[in-house]
Amino acid sequence: MEKQDQLLMKKQNKALVLDIVKNQSPISRMEISKITGMSPTSISRIIGELHQQGFVKETELVTSGVGRKATLLDVCADVLYTIGVELDQSVLKIGIVNYVGKMIALRTFSRNVLETYEETLRSIQYNVNEMISQNMISTKKVIGIAVGLPGSVDYQNGVVRLSDQLKWKNITLAKDLSELTSFHVVIDNELKMKVIAENTVGKAKGAQNSILVGIGSGIGSAIILNGEVYRGESNNAGEIGHTVVDPNGNVCSCGKIGCLATYISEGALIADCRKVKEISTIDEVFSSFRKQETWALNILNRTLTYVALAISNLACLYNPEIIILSGNLIEKIPEVKQTIEEKCERYLWEPIKQNLQIVYSDLGDQGVVLGAAIHAQNTLHELN
Ligand SMILES: [Zn+2]
């Protein structure tokens with residue numbers, strides 16, 4: 001075998017062992033040897049290296065059952081940290097997440113819609129630094145920042161191509177934030193970040209084919225196919241908000257007519273509701289719905305029909321095992337869940353329905369931050 005190949009294999013074996021300790025701890029060296037098929041000597045050598053690098057520690061626990069007792073190993077959750085950031089029109093959230101994907105600090109700030117790009121960057125820098133020092137984390141252990149935001153994102157070059165909500169176009173966010181903070185920075189669309197959280201620690205943990213649908217200021221989805229985020233040619237796969245559902249329908253903010261978003265997004269709903277009542281926020285629509293006002297019941301009923309149609313179309317296109325629903329609409333008025341399920345029952349195609357679970361995210365409003373931080377770890381951490 002070539003020297004290069006040997007080195008690569010050594011690296012892969014080490015990563016595999018660390019992965020097993022991370023996901024199946026507490027675990028003994030002997031069990032790892034059994035799972036991997038590697039010799040106990042090799043496992044002991046690899047564990048020795050991982051211990052020295054701070055990734056693995058011995059616990060107080062020993063194996064139970066017959067035979068020689070062996071000390072169990074655990075992963076060191078504090079060996080490294082990543083920062084997840086969620087950026088939206090009116091909110092900035094920053095979280096610190098440890099090596100095992102646990103959020104150890106989270107802060108939410110309201111963001112002025114008139115805030116400039118530079119002000120936003122400085123606010124992220126200031127708060128990231130403050131949170132790191134408040135939690136007494138060594139900066140050396142923080143391997144990078146990931147930002148999730150609404151819009152079309154060139155994740156490879158770290159450029160925000162277009163974000164209607166943030167009013168940004170062709171912004172070199174990763175480069176600018178990295179220069180300001182001195183951290184590595186990666187960026188992606190918010191729902192792509194969220195589906196990573198769901199797939200790693202949430203409702204779709206370990207699922208090979210799953211879809212996250214976000215219903216709120218807009219409607220969109222993010223797709224995991226064969227265990228990987230499905231991005232399409234320009235990272236816009238899943239942007240169902242601009243699929244046309246009625247060529248004779250309402251004009252969309254994108255300029256087309258009858259986009260799905262015109263029946264579901266908060267802005268479109270508010271505009272429609274104002275034909276009946278002087279309201280200005282989505283919460284007022286929800287409150288009228290709760291009071292059973294006819295117009296609110298009708299408009300939201302129509303919205304839920306389109307939500308169910310979107311779910312059924314996604315299910316037919318990708319045949320996922322699980323669809324996770326998230327976003328403001330579901331979180332603020334959970335009573336709509338039953339109606340969505342009834343409508344899905346009606347629209348979903350039988351051969352697909354049998355193997356499909358429709359569930360609700362329980363990551364709440366932390367999903368994007370958590371997913372971003374996990375994404376930062378996945379992309380920025382390389383084991384030596
Ligand atoms: Zn549109």
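## Zinc site

At 8% relative accessibility, C252 counts as buried, whereas C254, with a relative accessible area of 38%, is partly exposed; buried means under 20% relative accessible area, exposed over 50% and partly exposed in between, with a 1.4 Å probe and protein chains only. The model is predicted, and local features need pLDDT of at least 70, side-chain atom pairs count only at pLDDT 80 or more, and totals for chains, interfaces and linings use all residues. Residues are numbered from 1 along each chain as its sequence is written, and side-chain values use heavy atoms, with hydrogens and water left out.

The protein donors of the zinc ion are H242 through ND1 and C252, C254 and C259 through SG, lying 2.1 to 2.4 Å from the metal; donors are N, O and S atoms within 2.8 Å of the metal (3.2 Å for Na, K and Ca), and water is not among the atoms, so sites may look incomplete. The spacing of these donor residues in sequence is H-x9-C-x1-C-x4-C. Angles of 107 to 115° among the four donor atoms make the site of the zinc ion tetrahedral, a term that requires all angles of four donors to lie between 85 and 135 degrees.

## Domains

The domain assignment of the protein chain gives domain 1 (2-75), domain 2 (81-195 + 367-380) and domain 3 (203-362), with bounds that come from an automatic or database assignment. The C-alpha centres of domain 1 and domain 2 lie 33 Å apart.

Definitions and conventions
Four donors count as tetrahedral if all angles lie between 85 and 135 degrees; four count as square planar and six as octahedral if opposite donors are over 155 degrees apart and all others between 65 and 115; anything else is irregular.
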